[in-house]
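Here's a quick tour of a model, one topic at a time. Have the sequence and the 3D view open as you read.

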Amino acid sequence: MADVTAELMFEVLKALQARLAQVDGKIDELKQEMQASRTSQNGIRQEITSVFQEISGIHATLVRHEGRLDRIEKRLELNEAPTL
C-alpha cells in the first residue's frame with residue numbers, strides 16, 4: 001500500500017471541500033425552486049378560491065331567481081297541470 005502523506009491527504013480534502021461547495025450550491029438552488037413553487041401554488045390556491053366564491057355568488061343568485069320565478073308562477077297560476 002502506498003504511503004499516505006499529509007500532502008496527499010490535503011489534496012483529497014481539497015477535492016472533497018470543492019465537491020461539498022458544489023453540493024451546497026445545488027441545495028441553495030433547490031431551496032429557491034421550492035420557494036418559487038410554493039409561491040406559485042399559493043397564487044393558484046387564491047385563484048381557485050376566487051373562482052369558488054364567484055360560483056357560490058352565481059349559485060345564490062340563481063336560487064334567488066328560482067324562488068322569485070316560483071312565486072310569479074303561483075301568482076299567475078301557471079302551475080303545470082298533470083298530464084293524463
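What follows goes from the helix to its charges and then to the segment after it.

## Ground rules

This is a predicted model, so local features need pLDDT of at least 70 and side-chain atom pairs count only at pLDDT 80 or more, while totals for chains, interfaces and linings use all residues. Residues are numbered from 1 along each chain as its sequence is written, and side-chain values use heavy atoms, with hydrogens and water left out.

## The helix

Helix α1 covers residues 6-75. Helices here are DSSP runs of H or I with at least four residues, numbered from the N terminus. With 70 residues, α1 reaches 102 Å from its first C-alpha to its last, close to the 104 Å expected at 1.5 Å a residue. That expected span is 1.5 Å times one less than the number of residues in the helix.

For a local check, take A60, which sits in helix α1. The C-alpha atoms of A60 and K74 are 21 Å apart, with the two residues 14 apart along the chain. A60 is partly exposed at 39% relative accessibility; buried means under 20% relative accessible area, exposed over 50%, and partly exposed in between (1.4 Å probe, protein chains only).

## One salt bridge

How many salt bridges does the count come to? The tally is one, using a side-chain nitrogen of Lys or Arg within 4 Å of a carboxyl oxygen of Asp or Glu as the rule. The partners are K14 and E11, at 3.7 Å from N to O.

In general, an α-helix has 3.6 residues a turn, so residues three or four places apart point the same way. Both ends of the pair are partly exposed, K14 at 40% relative accessible area and E11 at 42%.

## A negative patch

Further along, D24, D28, E29 and E33 gather in a patch of negative charge on the surface. To join such a patch, residues need over 30% relative accessible area and no salt bridge, with like charges joined within 9 Å. Asp and Glu count as negative, and the charge is placed at CG of Asp or CD of Glu. One of the four, D24, lies in helix α1 and is partly exposed at 42% relative accessibility.

## After the helix

E77 belongs to the segment after α1. Its phi is positive, about 55 degrees, although E77 is not a glycine. E77 is also exposed, with a relative accessible area of 69%.

Key. Helix = DSSP H or I, 4+ residues; strand = E, 2+ residues; numbered from the N terminus. Patch = residues over 30% accessible without salt bridge, like charges linked within 9 Å, V, L, I, M, F, W, Y side chains within 5 Å. Areas by Shrake-Rupley, 256 points an atom, 1.4 Å probe, with all protein chains shown as cover.
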